[in-house]
Amino acid sequence: MAAKFITLDGIDGAGKTTQLNVIQEWFTAQQLPVVFTREPGSTPLGEQLREIVLNPASKMTPKAETLLMFTARQQHLDDVVFPNLNKGINVVCDRFTDATFAYQGGGRGLPYAQIAALEQWVQGDFQPDFTLILDVPLEVALQRIERSREKDRFEQEPAEFYRAVRETYLQRAASQPQRYAVLNSNREKEVVRQDIFNLLNQLFER
Ligand SMILES: Nc1ncnc2c1ncn2[C@@H]1O[C@H](COP(=O)(O)OP(=O)(O)OP(=O)(O)O)[C@@H](O)[C@H]1O
Ligand SMILES: [Mg+2]
């Protein structure tokens, strides 16, 4: 079976990083090769850009922000994603282009068509084989962010921003149900974990 590119997405606090550990556990148990990456990031340039875009002190227009996301993405694809997939190693990424549609499109209000044009330029027709959207109600996400850490530049945005971000994820998932699974992440971590195991078993025909 060809190596797969799997992405994990959803609003801040939905539990992506938490459930990445579960995905890692599954790959280890199955003895399948995998690398874990994140966007923006996972290359020296990408990690530098991540610092900039997440830093609350950074000022930039929505278009500049979007270009930085795609800059990091281009480097990540060429340096990490494509070489690994070509070697037969699966790649699991914490956030990908769905996040750009959700945050810069839904959240910041950039037209989706402009983001789609950059997507085409950077990725061509390359898309994740599968995308897991972790979903929680807005209030739950905001509570989790509040509790868990210092807020980054996005996490300082008002609730309406996050409402639009979440809506965009759900719309995109609904428009292409074969590529997405939306998981209710407002349940015990163990329950979400079992769903993820089931999905991965299906996806890899285990
Ligand atoms: N199913 C769950 N039930 C209760 N709390 C959870 C659940 N999943 C995650 N959390 C908690 O919510 C907080 C945010 O989780 P996590 O960092 O995994 O989210 P995230 O989606 O990676 O967020 P970000 O996008 O900001 O990186 C953490 O404190 C985590 O322990
Ligand atoms: Mg995270």
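**Figure 1. Order of elements in the predicted chain.** From the N terminus on, the elements of the chain run β-α-β-α-α-β-α-α-β-α-α-β-α. The radius of gyration is 16 Å, close to the 17 Å given by the globule rule for 206 residues, so the chain is as compact as a globular protein of that length. The model shown here and in the views that follow is predicted. In total the chain has eight helices and five strands. Its C-alpha trace spans about 45 × 35 × 30 Å along the principal axes.

Figure 2. Of the 206 residues in the chain, 50% are buried. Among contacts with a separation of 6 or more, 79% are between residues 24 or more positions apart. The chain exposes about 10000 Å², and carbon and sulfur atoms supply 51% of this area. There are 23 positive and 27 negative charges, and their mean positions are 1 Å apart.

**Figure 3. Thr-7 in strand 1.** Thr-7 is part of strand 1, which covers residues 5-9. With a relative accessibility of 0%, Thr-7 counts as buried. Residues up to four places away in sequence aside, Thr-7 touches Cys-93, Phe-96, Asp-98, Pro-128, Phe-130, Thr-131 and Leu-132.

**Figure 4. The loop between helix 1 and strand 2, with Gln-31.** Helix 1 comprises residues 16-30, and Gln-31 is placed in the loop between this helix and strand 2. Gln-31 is not a glycine, yet its phi is positive, at about 55 degrees. The residue has 71% relative accessibility and counts as exposed.

**Figure 5. The loop between strand 2 and helix 2, with Pro-40 and Ser-42.** Pro-40 is found in this loop, and Ser-42 lies in the loop between strand 2 and helix 2 as well. The peptide bond from Glu-39 to Pro-40 is cis, and its omega is near -15 degrees. Ser-42 has a positive phi of about 70 degrees, although it is not a glycine. Ser-42 has a relative accessible area of 26% and is partly exposed.

Figure 6. Helix 2 runs over residues 44-54, and its buried residues are Gly-46, Leu-49, Arg-50 and Val-53. These four residues cover an arc of only 110 degrees around the axis, which puts them on the same side of helix 2. Cover for the buried residues includes strand 2 (34-38) and helix 3 (62-86). Pro-44, Gln-48 and Glu-51 are exposed, and they sit on the face of helix 2 turned away from its buried side.

**Figure 7. Ile-89 between helix 3 and strand 3.** The loop that holds Ile-89 lies between helix 3 and strand 3, the latter formed by residues 90-94. Ile-89 is 57 residues from Leu-32 in sequence, while their C-alpha atoms are 8.1 Å apart in space. Apart from neighbours within four places in sequence, Ile-89 is in contact with Ala-3, Pro-33, Val-34, Val-35 and Asn-84.

**Figure 8. Ala-116 in helix 5.** Helix 5 spans residues 112-123 and contains Ala-116. Ala-116 is partly exposed, with 29% relative accessible area. Ala-116 and Phe-101 are separated by 15 residues in sequence and by 8.3 Å in space, from C-alpha to C-alpha.

Figure 9. In helix 6, which runs over residues 138-148, the buried residues include Leu-138, Val-140, Ala-141 and Ile-145. They cover an arc of only 165 degrees around the axis, which puts them on the same side of helix 6. Helix 7 (159-175) is included in what covers these buried residues. Glu-139, Glu-146 and Arg-147 are exposed on the other side of helix 6.

Note on methods. Residues numbered from 1 in each chain as written. Chains lettered and ligands numbered in written order. Predicted model: local features only at pLDDT ≥ 70, side-chain atom pairs only at ≥ 80, totals over all residues. Heavy atoms only, no water. Helix = DSSP H or I, 4+ residues; strand = E, 2+ residues; numbered from the N terminus. Rg over C-alpha atoms; globule rule 2.2 N^0.38 Å. Buried < 20%, exposed > 50% of the residue type's maximum accessible area, 1.4 Å probe, protein only. Contact = heavy atoms within 4.5 Å. Areas by Shrake-Rupley, 256 points an atom, 1.4 Å probe, with all protein chains shown as cover. Lys, Arg positive; Asp, Glu negative; His and termini not counted. Charge placed at Lys NZ, Arg CZ, Asp CG, Glu CD. Arc of directions from axis to C-beta.
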